[in-house]
Amino acid sequence: MSAAIEVLPGSTTEANGNAVDLDQLRQVLSVEPASSPCVLEDGVGDEELLPAAVLFPIVRRNGEPTVLLTQRTAHLRDHPGQVSFPGGRCEASDPSPADTALRETSEEIGLSSAHVEIIGYLPEYRTATGFRVTPVVAMVTPPFDLQLDAFEVAEAFEVPLSFLMDPANHQRHSLHYRGKLRHYYAMPFGDYFIWGATAGIIMSLYRALEVAGR
């Protein structure tokens, strides 16, 4: 299943009134993945967490950089219909979280690693659903063609990075999960509801840039 990427219109407000500085973005990332410090999602307990990795793909578009996201198919057992970064569980054969992220990205959306430059890592993100996720941040150079795995991925789309880094677009929501009230971030964008771990990882980048800009 091939896919043509459409960059959807978002907010006209750029992050903090300015375009996101990609050189500064590189500087706020870790050069190696690390389990500490980490970000704990609301509801994380003391259970053993499974290692996973996602690619945080920032696409070099001429107008402004965008973030490539996917929408999962509605029939999946885990997180059906949700907006996600490409990625998944680490396999024993994966030499590193970066290899996991690149492998899963290739399997899910057919993005070749030849278009991907890994530029660093965000703090490990630990989820209430049982995973410790390494976010692998990368620059993606177009043009590229995608081949979506029709079983897992319903759609791939891009969101302007400035929209995601604009605090005016960050919302706080809550829901009852496993008998307790949980809080989470959300970033509605057009018809897409970006929330949960995906929004939480985006917030990790926003906080790092916010601290660096002080």
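In this predicted model, Arg172 lies over the face of Tyr185, at 4.6 Å from the ring centre; a charge sits over a ring if NZ of Lys or CZ of Arg is within 6 Å of the ring centre and within 35 degrees of the ring normal. Residues are numbered from 1 along each chain as its sequence is written, local features need pLDDT of at least 70 and side-chain atom pairs count only at pLDDT 80 or more, while totals for chains, interfaces and linings use all residues. Side-chain values use heavy atoms, with hydrogens and water left out.

Rings of Phe, Tyr and Trp (its six-membered ring) pair if their centres lie within 6.5 Å, and planes under 30 degrees apart count as stacked, over 60 as edge-to-face and the rest as tilted; by this rule there are 5 aromatic pairs. The rings of Phe157 and Tyr192 are stacked, because their centres are 3.7 Å apart and their planes are at 10 degrees. Both Phe157 and Tyr192 are buried, that is, under 20% relative accessible area (1.4 Å probe, protein chains only). Tyr184, Phe193 and Trp195 form one aromatic cluster.

A nonpolar core is a set of buried Ala, Val, Leu, Ile, Met, Phe, Trp, Tyr and Cys residues joined through side-chain atoms within 4.5 Å. Two such cores are listed here.

| Core | Residues | Members include |
|---|---|---|
| Largest nonpolar core | 35 residues | Leu25, Phe56, Leu164 |
| Another core | 18 residues | Ala53, Ala101, Ile109 |

Key: Buried means under 20% relative accessible area, exposed over 50%, partly exposed in between (1.4 Å probe, protein chains only).
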